[in-house]
Amino acid sequence: MATCIDVSRTGGGGSQATPHLPLSREPNRPQTDDNAQLKFVKFCRRRFSDHVPRAATVCQNRTATTHTSRAVDFVDRDEIDGVDDFPVDDDEEFDLWMVMKSEARSDIDQEPILSSYYFNSILSYNSLESALSHHLSVKLSNSSLPINTLFDIFIGVFSEDEEIVKSVKHDLKAVKERDPACISYVHCFLNFKGFLACQAHRVAHKLWCQGRKVLALLIQNRVSEVFAVDIHPGAKIGRGILLDHATGVVVGETAVIGNNVSILHNVTLGGTGKACGDRHPKIGDGVLIGAGTCILGNIRIGEGAKIGAGSVVLKEVPPRTTAAGNPARLVGGKQNPIKLDKIPSFTMDHTSHISEWSDYVI
């Protein structure tokens, strides 16, 4: 077991910000809406689909708020006055790590038999990143890949990149708020493999961008074996991500996932064949992807869109619309699709407007 230590982060240790650059391809023409433009309040500052930094953690310079249990409405951009005054980061509102330690002590009071487990996993550490480094190391280690080696890798990345640690916190809040099965932050931290797989990917992606591809691919392989989640280390993922259940999630090398996206199990973001280059989907902010969905090719899923469970998506899905079926079709029709008025990744509503799409009844 790794020695219980804490490595403090320094303010200057983070990587330098990378300027936003456009995606390497524009497979589809961006769609505009004459009546209203998509705007997320307290949720998104810029269009993720327009700017993706290269060789850096995705959305590195963007801030987002996920600590809200209510659904946020889509609003007309012209109706908002002083939108820049909205808070965009609530890390200072409460100390998440102290809350988690309090939850751990409460769990020990209920189940004293777990006191050693909680001490070794939570209470013996002074920071979220050191505890996460240890927990991931224990999960992913094997006889030829010792815990201490993995711990050094994980804590090294977390210590030098504060943006990754911020993303970890946003992911924790996203799971707690959107998944009714999550009873506490510490419950998610210790037991939710979707969350753990996502954080391991953040480390692998950082290593990949640093040119340490062999090590990044090793972490990807161990995550796939242990958690049954296969995310290529080249894929770019935003913050506030929920991988619900997570089993069977596959994300290709050139895929991009925006902020505050919710993805259920057995979802594939894949290519269409043997073509090289930029070949995987680009998922906008606030998207909800239902279980068993396949999204194939270098196509865009617009911000705030919803993809029904079991769908096969081969073409662009406009913002704020719902696509379902095999092959997927827009609910309401291509010419006049029904527009969603709430962020689907927050509401987690998989069945709204079903009557407009299908008259099937049991």
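Does Asp-171 count as buried or exposed, and at what relative accessibility? At 0% relative accessibility, Asp-171 counts as buried, where buried means under 20% relative accessible area, exposed over 50% and partly exposed in between, computed with a 1.4 Å probe on protein chains only.

This is a predicted model, in which local features need pLDDT of at least 70 and side-chain atom pairs count only at pLDDT 80 or more, while totals for chains, interfaces and linings use all residues. Residues are numbered from 1 along each chain as its sequence is written, and side-chain values use heavy atoms, with hydrogens and water left out.

**View A. The salt bridge between Asp-171 and Arg-202**. The side chains of these two residues meet at 2.7 Å, N to O, a salt bridge being a side-chain nitrogen of Lys or Arg within 4 Å of a carboxyl oxygen of Asp or Glu. The pair links distant parts of the chain, with Asp-171 in helix 5 and Arg-202 in helix 7 (residues 193-209), 31 residues apart; helices are DSSP runs of H or I with at least four residues, strands are runs of E with at least two, and both are numbered from the N terminus.

**View B. The network of Glu-163, Lys-166 and Arg-239**. Salt bridges that share partners join these three residues. Glu-163 meets Lys-166 at 3.7 Å, N to O, and both residues lie in helix 5 (residues 162-178), 3 residues apart, which is about one turn of the helix. Glu-163 also meets Arg-239, at 3.1 Å, N to O; this second pair links distant parts of the chain, since Arg-239 lies in the loop between strand 2 and strand 3 (242-243), 76 residues from Glu-163 in helix 5. Lys-166 is partly exposed, with a relative accessible area of 28%, whereas Arg-239 is buried, with a relative accessible area of 3%. A search of the whole structure finds 7 salt bridges.

**View D. The pairing of strand 2 with strand 5**. These strands run parallel and are joined by 2 bridges, strand 5 comprising residues 256-257. Within this pairing, Ile-237 stands opposite Ile-257 of strand 5.

Conventions:
Pairing = 2+ DSSP bridges.
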